[in-house]
Amino acid sequence: GRVRFNIGINPDHFSWSLASGCSLEAPECIMAYSNEGLTYMSQQLHKLIRSHVIPQEFRGNWVCPILLNTWEALYFDQTHDNIMSIAKEAKDIGVELLVMDDGWYGQRNNDKTSLGDWDVDLKKLPNGLKALVDEVNGLGLKFGIWVEPEMISVESKLYEANPEWALGQSGKSRSEGRNQLVLDFTRKDVRDYIYGKLEAILNSANIEYVKWDCNRHLTEVYSRQLPPYRQGEVFHRYALGVYEVFQRVRTNFPHIIVETCAGGGGRFDVAMLKYGPQIWASDNTDGLARIRIQYGTSMAYPISSIGSHISSVPNHQTFRRTPLKTRFVVALCGTFGYELDLTKEVTPKEKEQLKAMNRLRTRLAPIIFQGDFYRLWNPFDSSSSVAAWMFVTPDRLKALVFAFISFKKSPGRY
């Protein structure tokens with residue numbers, strides 16, 4: 001047989017001016033070999049990442065707390081009162097961590113403004129961030145916050161003061177994605193500004209979790225600070241700049257759980273796991289869609305790293321209605337959390353079910369997070385509507401088997 005490796009920096013638009021006496025460090029890569037099929041290969045990668053890649057604070061027997069993220073519950077209406085109403089319900093069902101998502105800063109009432117203006121919107125949080133965090137902590141919940149440090153809105157104070165901080169070429173138009181541009185992280189002044197803002201936020205209150213988002217890909221990847229002959233370095237220097245800011249956060253706030261995200265799972269890679277133990281797998285939170293998403297992600301990445309939540313029905317992306325039990329079991333095979341409004345979208349009966357589900361998750365999480373993962377039935381098999389997988393403890397004394405059957409002939413409900 002023949003084996004071919006395609007490893008290294010993507011050569012598209014890449015060049016590097018290496019002067020005498022200087023050096024360039026190529027990206028690291030990890031490899032796994034198996035003569036026992038894909039399952040054993042995946043298990044080796046999972047163990048490597050859990051034991052040697054993710055930050056030390058989150059290795060061993062660590063399990064992510066049960067969280068509730070407020071995005072699909074509130075979208076940009078992230079006010080003190082709204083968040084506290086959800087927090088009280090979350091505490092009642094056994095949630096351990098509340099995460100305030102996009103909309104708490106600047107004048108962020110929609111996706112057209114304020115990225116880069118990382119100051120609290122006192123109209124939404126009139127008593128400030130610390131007062132909100134203290135009140136949430138007073139319920140017995142930890143607190144997390146959403147940020148998107150790599151991005152800048154054209155409608156922002158930061159862009160008005162520093163338009164040259166966005167990637168692009170002088171005098172030429174730039175493509176906006178989700179109404180935003182990308183900050184030039186090759187620049188030290190940009191990195192220092194962003195880290196300074198993050199540091200101020202994290203020092204201002206007892207924040208124990210950060211969701212670091214990145215909602216668009218890079219286009220017009222040019223830096224106004226570099227000369228023409230070095231523009232081929234921008235892609236690589238951008239990545240190094242992002243890693244630098246991540247590392248500064250990790251060094252100074254090692255206790256904080258960082259979940260990275262990129263329009264969902266657009267940047268699900270090993271390098272991101274060096275700075276945080278988990279990555280949001282997809283903005284598609286539909287329970288059935290997630291079966292395939294999480295199955296595919298498991299080829300290389302440990303289940304403990306796959307961000308997965310129970311969301312509303314009808315689902316906000318697919319409009320499909322899926323039973324609560326199905327959504328729970330799928331979310332259980334990941335970090336586990338919630339993405340819904342407990343004050344409006346859950347019946348009293350369902351709240352009692354969620355309490356029991358959270359207790360069950362606490363019992364089963366160690367097996368799921370530290371167990372060996374076996375794929376039993378491939379959901380991508382076009383001849384089948386079945387998926388199944390299994391977790392086995394390292395001592396081989398306990399196992400969990402999950403099986404899913406979707407009835408394709410019943411549209412709209414599974």
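Contact is taken as heavy atoms within 4.5 Å. Helices (H or I, at least four residues) and strands (E, at least two) are DSSP runs, numbered from the N terminus. The model is predicted, with local features requiring pLDDT of at least 70, side-chain atom pairs counted only at pLDDT 80 or more, and totals for chains, interfaces and linings using all residues. Residues are numbered from 1 along each chain as its sequence is written, and side-chain values use heavy atoms, with hydrogens and water left out.

Helix H9 spans residues 287-297. The buried residues of H9 pack against strand S8 (278-280), S9, H10, strand S12 (372-377), strand S13 (386-392) and strand S14 (399-405). Buried here means under 20% relative accessible area, exposed means over 50%, and partly exposed lies in between (1.4 Å probe, protein chains only). Eight of the 11 residues of H9 are buried, so the helix is largely enclosed by the rest of the structure. These are Gly287, Leu288, Ala289, Arg290, Ile291, Gln294, Tyr295 and Thr297.

Serine 308 lies in the loop between strand S9 (306-307) and S10. With a relative accessibility of 1%, serine 308 is buried. Apart from residues up to four places away in sequence, serine 308 touches Trp280, Arg290, Gln294, Val330, Ala331, Gly334, Thr335, Phe336 and Gly337.

Helix H11 comprises 23 residues (348-370). The expected span of a helix is 1.5 Å times one less than its number of residues. Among the buried residues of H11 are Lys351, Leu354, Leu364 and Phe369.

The largest pocket holds about 1,600 Å³ of space. It is lined by 44 residues, of which Pro27, Glu28, Tyr243, Asp269 and Ala271 are the closest to its centre. A pocket is an open set of points on a 1 Å grid over the protein atoms alone, where a 1.4 Å probe fits, with protein on both sides within 12 Å along at least five of seven lines; lining residues have an atom within 4 Å of a point. Grid points are joined across faces, edges and corners, and a volume is the space filled by probe spheres set on the points. Helix H1 (38-53), helix H7 (234-252) and helix H8 (270-273) each supply at least two lining residues, and the largest share, seven residues, comes from H7.

Most residues other than glycine have a negative phi, and most peptide bonds are trans. Asparagine 179, in the loop between helix H5 (157-161) and strand S5 (181-182), has a positive phi near 60 degrees. Asparagine 179 is partly exposed, at 27% relative accessibility. Phenylalanine 319, in the loop between S10 and H10, has a positive phi of about 65 degrees and is exposed, with a relative accessible area of 62%. A cis peptide bond, with omega about -5 degrees, joins valine 313 and proline 314. Proline 314 lies in the loop between strand S10 (310-311) and helix H10 (324-332).

Glutamine 169 is in the loop between H5 and S5. Glutamine 169 and arginine 224 are 55 residues apart in sequence and 6.5 Å apart in space, C-alpha to C-alpha.
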